[in-house]
Amino acid sequence: MQLSRFENFRIAGMATAVPANSVAVEHFAAQFGEENMRKFSQMTGVREVRRAHPAQTASDLAFLAAEDLLARTAVERERISLLLFVTQKPDHRVPATAYVLQKRLHLESHCICLDLNLACSGYIYGLHTALSLLHRSPGCAGALVLTGDTSMRTLSPMDRTVFPLFGDAGTATLLLPDEAAPSIGTGLWSDGSRFKSIITPSGAYRNPDGELERREWGDGIVRSDYDTHMKGKEIFEFSITDVPAFVGRYLADIGKTPDDFDTFAIHQANLFILKQLARKNRLPSDKLPVSIDRFGNTSSNSVPLVLCDHFGSVVDRALRVFGCGFGGGLSLGCADFEMEAAQIFPVLESDDFYQS
Amino acid sequence: MNNLQRYTKVFHEIFNLPEEQFDESFAFATVSEWDSIVHMSLVTALEEEFDIMFETEDILHYGSFENGKRILARHGVEIEAGEAA
């Protein structure tokens with residue numbers, strides 16, 4: 001695990017946007033069976049998910065969160081000298097979607113723009129990348145770390161293991177210089193040997209002639225080569241063994257215990273995995289906010305979304321936050337930071353989309 | 001109801017299959033319905049039924065109807081083959 005610690009920057013704001021359209025798990029009963037969905041809901045904790053309008057992209061949701069964040073913090077747009085967009089559902093093949101967002105957010109030409117192709121670990125990787133660039137670029141005055149995903153776009157509607165699980169969202173986090181700010185720590189870990197554990201085999205350039213037609217795969221689920229395939233057993237094993245071990249190792253490496261934190265913003269993979277992680281690392285349940293029940297697994301958005309969901313209306317409270325995201329790659333990221341709850345804003349709902 | 005009957009009942013409730021199908025061949029690797037969601041449901045239902053708490057290794061290596069009996073035995077739940085008679 002690669003450990004880093006960053007001084008002189010603070011998280012000055014955090015906002016989240018979700019589509020207004022809410023789909024209850026019961027809606028999937030016609031496809032997968034009532035009893036199956038009852039068990040699914042019981043185990044994963046998902047009761048409903050937000051689904052984007054067909055014309056609404058991941059960047060639309062990130063844009064809505066960013067506009068909300070910039071308005072609420074009243075930060076001048078010329079101060080944003082880095083825009084990083086974490087997504088696996090870009091607007092176009094070329095260019096990177098960060099440039100579309102730069103235009104829409106009216107950011108200046110000195111702003112560095114880049115996309116980061118990561119899913120459930122993406123928020124922590126984004127935070128780390130932005131802080132690293134800020135540290136090495138003395139001219140940078142502030143950064144926007146945006147996340148957005150509309151995972152459903154590449155899920156087979158006949159895949160009972162993932163189709164009812166994932167929800168759409170976008171988030172925005174503002175980083176500003178502050179010499180008096182407590183340090184921000186990150187720990188990153190990657191295992192490319194398991195890159196096939198979560199994969200969309202076709203749609204890029206490795207398998208350009210993949211089968212478009214959906215057919216039954218070896219696991220009995222009907223999908224095409226353009227649908228995302230999650231090897232449930234491998235991911236399950238990763239989630240209940242590697243993830244708790246790395247969380248424990250990160251806490252030990254930074255010399256902290258669960259008592260040193262006010263909240264654990266953990267990727268909302270599913271409720272069973274959250275409970276296993278809490279049990280193994282002795283995380284108190286009252287410090288483990290849950291949002292998967294109303295938003296599902298929202299990929300890179302999970303960590304900021306769960307904070308906005310639980311602390312969006314809280315003021316006058318300083319929070320010591322432990323964050324953790326894990327998933328495709330395989331990859332995992334942990335972070336520890338402090339921020340004012342007053343700078344965490346309520347979840348915004350909107351179906352707005354960009355008409356370029 | 002003895003332990004074997006309780007054990008078989010949990011499988012029946014999770015898989016919705018006739019009890020006679022739960023034998024030596026009933027395993028994660030061979031039963032297509034036994035996916036990760038079903039696995040989590042099974043583990044939780046067994047913990048509740050027998051008032052035990054599985055270790056991570058138990059959850060990962062549960063693997064089959066038969067192997068599950070050995071794991072339960074390690075938690076003090078003995079399931080004898082002849083119990084059902």
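**Close-up views of selected side chains**

**View 1. Arg38(A) is partly exposed, with a relative accessibility of 45%.** Partly exposed denotes the range between buried, which is under 20% relative accessible area, and exposed, which is over 50% (1.4 Å probe, protein chains only). The model is predicted: local features need pLDDT of at least 70 and side-chain atom pairs count only at pLDDT 80 or more, while totals for chains, interfaces and linings use all residues. Residues are numbered from 1 along each chain as its sequence is written, chains are lettered from A and ligands numbered from 1 in the order in which they are written, and side-chain values use heavy atoms, with hydrogens and water left out. The partner of Arg38(A) is Glu35(A), with which it forms a salt bridge of 2.8 Å, N to O. A salt bridge is a side-chain nitrogen of Lys or Arg within 4 Å of a carboxyl oxygen of Asp or Glu. Both residues belong to helix 2 (residues 34–44) of chain A and stand three residues apart, about one turn of the helix. Helices (H or I, at least four residues) and strands (E, at least two) are DSSP runs, numbered from the N terminus. Glu35(A) is likewise partly exposed, at 31% relative accessibility.

**View 2. A salt bridge of 3.2 Å, N to O, joins Arg10(A) and Asp178(A).** This pair links distant parts of the chain, 168 residues apart: Arg10(A) is in strand 2 (residues 9–18) of chain A, and Asp178(A) is in the loop between strand 8 (169–177) and strand 9 (184–190) of chain A. Arg10(A) counts as partly exposed because its relative accessibility is 33%, and Asp178(A) is partly exposed with a value of 23%.

**View 3. Arg194(A) and Asp242(A) form a salt bridge, their closest N and O atoms being 3.5 Å apart.** Arg194(A) lies in the loop between strand 9 and strand 10 (198–199) of chain A, whereas Asp242(A) lies in helix 6 (residues 232–253) of chain A, so the bridge ties together parts that are 48 residues apart in sequence. Arg194(A) is partly exposed, at 24% relative accessibility. Elsewhere, salt bridges with shared partners connect Arg47(A), Asp293(A), Arg294(A) and Asp309(A) into one network. Over all chains, the whole structure holds 24 salt bridges.

View 4. Rings of Phe, Tyr and Trp (its six-membered ring) pair if their centres lie within 6.5 Å; planes under 30 degrees apart are stacked, over 60 edge-to-face and the rest tilted. The ring centres of Phe11(B) and Trp34(B) are 6.1 Å apart and their planes stand at 85°, so this pair is edge-to-face. Phe11(B) is in helix 1 (residues 3–15) of chain B, and Trp34(B), 23 residues apart from it, is in the loop between helix 1 and helix 2 (36–50) of chain B. Both Phe11(B) and Trp34(B) are buried. For Phe15(B) and Phe22(B), the centres are 6.3 Å apart and the planes at 55°, so the pair is tilted. Phe15(B) and Phe22(B) are buried as well.

**View 5. Gln56(A) is buried, with a relative accessible area of 0%.** Gln56(A) is located in the loop between strand 4 (48–50) and helix 3 (58–73) of chain A. Residues that Gln56(A) touches, beyond those up to four places away in sequence, include Pro19(A), Thr150(A), Arg153(A) and Phe353(A). Contact here means heavy atoms within 4.5 Å.
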